[in-house]
Amino acid sequence: MAKIRRSKIKVKPKKFKVGDIISIRYIVQHPMHTGMVKDKETKKIIPAEYITDISFSFEGEEFSKMKVWESISADPSFELKYKVTGVGEIKVHSIDNLGNETLKTKQLKPQK
Amino acid sequence: MKRRNFIKTAVTAVAMVSLPNLVLAEDNEEILESANKMSFDEAFVLIVGNNKVEESNKVKLKIPSIPENGMVVPVRVEVDYPMEKDNYVKSIHILSTENSNTRTIDFFLTPANAEASFKTKIKLSKSQKVMVLVGLSNGTFLKVEKATKVTMTAC
């Protein structure tokens, strides 16, 4: 069963123009289980479940990607920079080791 | 290897904290390893290959020297380097030198990022040095590292 995980794309500052460098923060709900921890009650190892890859694109063109490992904190957040080239859609796609995917988009609307 | 032994002996004893409903593996006297287990030396070679590596103060690594919580350690990397078409920061790698899998994240950039800057949060299994490797488009790598003292541990 595919799990639906919430994710958010936050852009700062709120107002920007073409040519400005913005900050993009991607936050996604995910337990990031390392597969090395036992549940105290069941005594069984909680199976590894963690994001492995994230791709950032603008209008279909990838501008950043990440190879993510299990040592990243639960409910991870990632912040990077991006130079605005025009109006368009930012898309962030993430996938975990079990094949569960999350897709989030955000429209960039630079001021004139 | 000498330096790593020095680091190991210099590190303070870590207080293991039991999290609600979770027992860290060591309590059951079993050593659990990551399925992606990779030592620092192996990860370093895998990332850098035969390329030149230089210590550089152009790479700023911000990480608390005594993180409040080993499960959520904020890491911030800023590289003072151009992001032009043929001369840019291609990758930023964060290595936790003592975690079972020392790799935490490999971030790949393009000139479209305009600034080589990155923030995330990592888990640290114990007190250790965190190293950042920055790969440039010309093939060289820059490196910087910082020690952390973790009292409330992770994974």
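Helices (H or I, at least four residues) and strands (E, at least two) are DSSP runs, numbered from the N terminus. This is a predicted model, in which local features need pLDDT of at least 70, side-chain atom pairs count only at pLDDT 80 or more, and totals for chains, interfaces and linings use all residues. Residues are numbered from 1 along each chain as its sequence is written, chains are lettered from A and ligands numbered from 1 in the order in which they are written, and side-chain values use heavy atoms, with hydrogens and water left out.

**Chain A**

Select A:M32, in the loop that links β2 (21-28) to β3 (37-39). Its phi is positive, about 50°, although A:M32 is not a glycine. Is A:M32 buried or exposed? A:M32 is buried, with a relative accessible area of 1%; buried means under 20%, exposed over 50%, and partly exposed in between (1.4 Å probe, protein chains only).

Next, go to A:P13, in the loop between β1 (7-12) and β2. The peptide bond from A:K12 to A:P13 is cis, with omega about 0°.

**Chain B**

Now show chain B, which has 2 helices and 10 strands. Along the sequence their order is α-β-α-β-β-β-β-β-β-β-β-β. Select B:A114 in the loop between β7 (103-108) and β8 (116-122). B:A114 is not a glycine, yet has a positive phi of about 65°.

Finally, colour chain B by burial: 46% of its 155 residues count as buried. Among its contacts (heavy atoms within 4.5 Å) with a separation of 6 or more, 66% come from residues 24 or more positions apart.
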